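Good morning. Please keep the display open while I talk.

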Amino acid sequence: MNAIIEKFLEYWPFLLILVTTIVIGGLIIKLWVTFLRKKVKSIVLVGPSSSGKTALFFRLTTGGFIETVCSVQENSASINIQGLKKLQIVDIPSHLVNTTKNRDLINQQSTIFFLIDSITVEDKKTAELLLTFAGKRLVMVVNKTDQLTSNSVDQIKQTLKKQLNGFKDSQEIPSIWLSISAKSGDIDSLINFLKKNF
């Protein structure tokens, strides 16, 4: 027993240095990983139900189109777009926009991508949801523009303007508008916007 204690005392300084090095190294790695995570920019997709958020999410993450239904939870993934750094993309269903977790995520973003269905824009839920993002920089992404019954961006702006004027806490119509079709893959305007601004 005494021999074990003597050996321990003989190697004690070495063991102390080893444990200290491991602890400090672990802290440095943890800080480095945390720092790198914060450097990943996020694309946050919001909008009313059936506006195509999840279809666009899958178009950006897989390159293909997947028939979707109304999401019950967030979708999140990392994507690499040629000419850009790695981006985190988050698709938030409209019924989950005001949860604490998603509000925190939204508040951290400099830009929010608000999808609008170019066919059913007459729905007042679009204007109501738009009001929840007052003060945020919104990029309006008009989806389903490949459909014969789709409204033009100018028609949608006018409709939204009328709808917003009907609310007490009205706001200005956002100035950045992109036309896409997640289904047909016509998302060049969004990709070009991301390349210029992210």
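The buried residues of helix α4 are covered by elements that include β4, β5 and α5. Covering here is a matter of contact, meaning heavy atoms within 4.5 Å. Helices and strands are DSSP runs, H or I of at least four residues for helices and E of at least two for strands, numbered from the N terminus. The buried residues of α4 are Thr126, Ala127, Leu129, Leu130 and Leu131. Buried means under 20% relative accessible area, exposed means over 50%, and partly exposed is in between, with a 1.4 Å probe and protein chains only.

Before going on, the ground rules. This is a predicted model, in which local features need pLDDT of at least 70 and side-chain atom pairs count only at pLDDT 80 or more, while totals for chains, interfaces and linings use all residues. Residues are numbered from 1 along each chain as its sequence is written, and side-chain values use heavy atoms, with hydrogens and water left out.

Now the packing of two helices. Helix α4, residues 124-131, packs against helix α5, residues 153-165, at an angle of about 70 degrees, and their axes are 9 Å apart. That angle makes α4 roughly perpendicular to α5. Axes are lines fitted to C-alpha atoms, for helices over the stretch in contact, and angles run from 0 to 180 degrees between N-to-C directions. Under 35 degrees counts as roughly parallel, over 145 as roughly antiparallel, 65 to 115 as roughly perpendicular, and the rest as oblique.

α4 and α5 cross in a right-handed way. Which residues of α4 and α5 make the contact? From α4 they are Lys124, Thr126, Ala127, Leu130 and Leu131, and from α5 they are Leu160, Gln163 and Leu164. Sorted by class, this contact of α4 with α5 has five nonpolar, two polar and one charged residues. For the classes, Ala, Val, Leu, Ile, Met, Phe, Trp, Tyr, Cys and Pro count as nonpolar, Asp, Glu, Lys and Arg as charged, and the others, Gly among them, as polar. As for handedness, a crossing is left-handed if the near helix is turned anticlockwise from the far one by less than a right angle, and right-handed if clockwise.

Next, the cores. A nonpolar core is a set of buried Ala, Val, Leu, Ile, Met, Phe, Trp, Tyr and Cys residues joined through side-chain atoms within 4.5 Å. The largest one has 25 residues, and Val46, Ile92, Phe114 and Phe133 touch the most other members. At least two residues of this core come from each of β1 (41-46), α3 (100-107), β4 (111-117), α4, β5 (137-143) and α5. Another core, of 24 residues, lies apart from it, and Phe57, Ile89, Val141 and Leu194 are among its members.

Setting aside neighbours within four places in sequence, Phe133 is in contact with Val46, Val97, Arg103, Ile106, Ile112, Phe114, Leu138 and Gln171.

Some loop residues now. Not counting residues up to four places away in sequence, Gln109 touches Ser42, Val44 and Lys136.

Ser50 sits in the loop between β1 and α2 (53-62). Its phi is near 65 degrees, a positive value in a residue other than glycine, and Ser50 is partly exposed at 43%. Lys144, in the loop between β5 and α5, has a positive phi of about 70 degrees although it is not a glycine. Lys144 is partly exposed, with a relative accessible area of 25%.

Ala134 is in the loop between α4 and β5 and is exposed, at 51%.

Two residues remain. Ser78 is in strand β2, residues 75-79, and counts as partly exposed at 41% relative accessibility. Beyond its neighbours within four places in sequence, Ser78 is in contact with Lys86, Leu87 and Gln88. Ala3 belongs to helix α1, residues 2-39. Ala3 and Leu45 are 42 residues apart in sequence and 66 Å apart in space, C-alpha to C-alpha.
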